[in-house]
Amino acid sequence: MAEVTEVSRAVEVPDAVFVERSRLVEGVRAYGLIVAMWLRSTMAYRASFAMTAFGNFAATGFDFVAILLMFAHVDELGGYTLPEIALLYGASGTAFGLADLVLGSMDRLGRRVRDGTLDTLLVRPVPVLAQVAADRFALRRLGRITQGLLVLGYGLAVLDIAWTPLKVVMIPLMLLSGAAIFGAVFVGGAAFQFFAQDAAEVQNSFTYGGNTLLQYPPTVFAKDLVRGVTFVVPLAFVNWLPTLYVLGREYPLGLPEWVAFLPPVVAGVCWGLAGAAWRAGLRSYRSTGN
Amino acid sequence: MGMRLYAVVAAGGFRRHATYRIATAAGVFTNTVFGFILAYTYTALWDERPQLGGYDLSQALTYVWLGQALLATSAMMGGGFEDELVERIRTGDVAVDLYRPVDLQLWWLAGDLGRAAFQLLARGVVPMLLGALAFPLALPGSPGVWLAFLVSVTLGVVVSFALRYLVALSAFWLMDGAGAAQIAFLAGLFFSGLLLPLTLFPGVLGEVARALPWSALLQVPADVFLGKHAGWGLVEAFAFQGGWALALLLAGRLVQSVATRRVVVQGG
C-alpha cells in the first residue's frame with residue numbers, strides 16, 4: 001500500500017498544474033458530497049426549512065423596506081431614483097446571496113479553531129477549505145438570493161434602459177463576478193480567523209457592511225471611502241461599476257468606461273490573494289490540543 | 001440574600017463579557033463601519049429633506065451613531081443570554097435552576113444588566129467618539145440630559161430583557177428557540193428604529209411602530225438624548241418604557257409559572 005502511494009506521488013509531483021487541478025476537482029467533489037448530506041438533513045425538517053428560508057427572505061427584505069420608506073419622503077437619493085437604486089440593491093443582494101449560500105459557513109472557522117474541532121477536518125483526506133465551506137450548508141440562504149433577484153427584476157422591468165448586447169451580457173457577468181468577489185472576502189475573512197479566532201465580526205464589516213454600502217449609489221459616500229472600496233477592498237466591482245455602465249451613468253473618481261468589464265479579472269486577483277491568505281493561515285495553525 | 005446577591009450576579013455578567021476582548025474590539029470595528037455607511041446615506045436623505053422626521057442633519061447623524069452604540073447594549077437583534085437559557089430548558093438543566101433559592105427571572109435580569117453595562121462602556125463609547133470626530137453630532141450640553149439618557153437606556157435594556165426572556169421561555173413548548181428567536185430578531189431590527197427612525201414611518205405604520213415595546217430600545221432613548229422629551233414629556237417617555245418593562249416582566253412571570261408546572265408534571 002505504502003509503495004503505491006509513493007508511486008502515485010512520484011507521478012503527480014512533476015506536473016504541478018495537474019496536481020493543482022486534481023485538488024480543485026477533488027475539493028469541488030467533496031464540497032458537493034458534504035452539501036448533499038446537509039441538504040438531506042435539512043429536508044428532514046421541511047417546515048423548519050420553509051420558516052427559516054422565509055425568515056432569511058424577510059430579514060433582507062426589511063433593508064429594502066427601509067429604502068422604500070426613505071423614498072416615501074424623497075424622489076431621489078444622491079441623484080438616483082428608486083428603480084436605479086433597486087438595480088444596485090438587487091445586483092449586490094443577489095451576488096452577496098450567492099456567495100453567502102456557497103461560502104457563508106466560513107465564518108464559523110474561528111469557533112472550530114477555538115473548540116478544537118478543526119483538527120477533525122485536518123485528518124480527513126479532503127481539502128480543508130471544501131470541508132469548512134460546506135459545513136452546515138444552509139439552503140435557507142436561498143431566501144436572500146430570491147429577495148435580491150426580485151428587487152433586481154423590479155429595477156430592470158421599470159427602468160428604460162437602452163439595451164445593447166454588451167449590456168445584456170453584463171448582467172449575468174456582474175452577478176457571477178460579484179459573487180466571486182464576495183466569496184473571496186469570505187475566504188480571506190476566514191483566513192484572518194486563524195490568527196484572531198474571536199474576530200468573526202470584523203468579517204461582517206466587509207460582507208454584510210459591504211453589501212449595505214453597495215445598495216446605495218457611490219455619489220452618496222465620501223470620495224475616500226469610494227477610493228477605499230475601489231482600490232483596496234475592490235467591492236465597487238461587484239455592482240457599482242457594471243450597473244453604472246448598464247445605466248449609462250457617470251462613474252465615480254473619473255474612472256474610464258472599460259473598467260466596468262474588469263469584475264472577472266478583479267475576482268480572479270481576489271481569489272489569488274484569498275487563496276494565499278488561506279494557505280498561510282492553515283500553515284500557521286497550531287491545534288489547541290484538546 | 002436579596003439585593004446583594006443580584007448585584008454579585010450583575011457584576012459577574014459584566015466580568016464575563018469583559019473577558020472577550022478581541023470579540024469586543026471586532027464588534028466596535030463593525031459598529032463603526034456600519035455607522036459610517038449609514039451616516040452617509042442619512043446625509044443624502046437629509047440633504048433632500050432637511051428637518052425630516054423632526055430632526056435636523058446633525059440630530060439625524062447623532063441618531064445613527066446612537067443606534068450603533070446601543071445595538072449591543074440593548075441587544076436589539078437578540079443575543080445576550082437567550083441561547084444559554086434555551087439550552088438549559090432543552091436539556092432539562094433548568095430544573096436545577098428552579099430548585100435554587102433565587103428568583104429565576106431576576107437572576108437572568110441581573111446578569112443581563114451586567115452585560116449591558118459592559119457593552120455600553122465597551123461597545124457604545126468608542127463608536128460614539130469616532131462618530132463625533134468624523135461628523136457634526138448634536139451632543140447634549142447639560143448633565144441632566146445625559147442622566148435622563150442613562151435612565152432611558154436602562155429602561156430600554158429591561159424591556160429588551162423582558163422580551164428576550166419570553167422568547168427563551170417559548171423553548172418549554174417548542175424545544176427549539178430558533179423560530180421564536182428569528183421572529184424577535186426581525187421585530188427588533190425593524191421596530192426598534194435601527195434601520196430608520198420610527199418618526200419617518202408613515203401613517204398608521206408609524207403610530208403602531210412607536211407604540212410597540214421595541215421603540216423603547218432605541219427610538220425613545222435617542223429622543224431623550226436629542227432633547228425631544230423635556231419636563232412632562234420626559235416623564236411620559238419614562239412611563240412608556242417603564243410600563244412596557246413592567247407588563248412584559250409580569251407576562252414573563254406568568255408564562256414561567258405555567259411552564260414550571262409543566263416541568264413538574266413531566267417529572268423534572
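Which pattern does chain A follow when read along the sequence? Chain A of this predicted model follows α-α-α-α-α-α-α-α-α-α-α-α-α-α. The legends below take each chain, the interface and some details in turn.

**Figure 1. Chain A has 14 helices and zero strands.** The radius of gyration of chain A is 21 Å, close to the 19 Å that the globule rule gives for 290 residues, so chain A is as compact as a globular protein of that length. Along the principal axes, the C-alpha trace of chain A spans about 70 × 45 × 35 Å. Of the 290 residues in this chain, 39% count as buried. Contacts in chain A between residues at least 6 apart in sequence can be sorted by separation, and 84% of them join residues at least 24 apart.

**Figure 2. Chain A touches chain B through 30 residues, which are in contact with 27 residues of chain B.** Three helices of chain A each supply at least two residues of the side that touches chain B: helix 3 (46-70), helix 10 (200-206) and helix 11 (208-214). Which helix of chain A gives the most to this side? Helix 3 of chain A does, with nine residues. By residue type, the side of chain A that touches chain B divides into 19 nonpolar, eight polar and three charged residues.

**Figure 3. Chain B has twelve helices and zero strands.** From the N terminus on, the elements of chain B run α-α-α-α-α-α-α-α-α-α-α-α. A compact globule with 268 residues would have a radius of gyration near 18 Å, and the 19 Å of chain B agrees with this. Taken along the principal axes, the C-alpha atoms of chain B fill a box of roughly 65 × 40 × 35 Å. Of the 268 residues of chain B, 46% count as buried. Among contacts in chain B with a separation of 6 or more, residues 24 or more positions apart account for 80%.

**Figure 4. Helix 1 (residues 3-18) of chain B packs against helix 6 (residues 104-134) of chain B.** Two packed helices are described by the angle between their axes and the distance between the axes. For helix 1 and helix 6 of chain B, the angle is about 45° and the axes are 7 Å apart. The two helices are therefore oblique to each other. Is the crossing of helix 1 and helix 6 of chain B left-handed or right-handed? The crossing is right-handed. Residues of helix 1 of chain B that make the contact include Tyr6(B), Val9(B), Phe14(B) and His17(B). On helix 6 of chain B, the contact residues include Leu106(B), Trp107(B), Asp112(B), Arg115(B) and Phe118(B). The residues of this contact divide into twelve nonpolar, six polar and two charged.

**Figure 5. Gln51(B) lies in the loop between helix 2 (21-48) and helix 3 (57-71) of chain B.** Phi of Gln51(B) is near 70°, a positive value in a residue other than glycine. Is Gln51(B) buried or exposed? Gln51(B) has 11 other C-beta atoms within 10 Å, so it is exposed; the cut-off for exposed is 12 or fewer.

**Figure 6. Ala75(B) is found in the loop between helix 3 and helix 4 (82-91) of chain B.** Ala75(B) is not a glycine, but has a positive phi of about 45°. With 25 other C-beta atoms within 10 Å, Ala75(B) is buried; a residue counts as buried at 20 or more.

Terms used. Residues numbered from 1 in each chain as written. Chains lettered and ligands numbered in written order. Predicted model: local features only at pLDDT ≥ 70, side-chain atom pairs only at ≥ 80, totals over all residues. Helix = DSSP H or I, 4+ residues; strand = E, 2+ residues; numbered from the N terminus. Rg over C-alpha atoms; globule rule 2.2 N^0.38 Å. Contact = placed C-beta atoms within 7 Å. Nonpolar A, V, L, I, M, F, W, Y, C, P; charged D, E, K, R; others polar. Axes fitted to C-alpha atoms, helices over the stretch in contact; angles between N-to-C directions. Parallel < 35°, antiparallel > 145°, perpendicular 65-115°, else oblique. Left-handed = near helix turned anticlockwise from the far one by under 90°.
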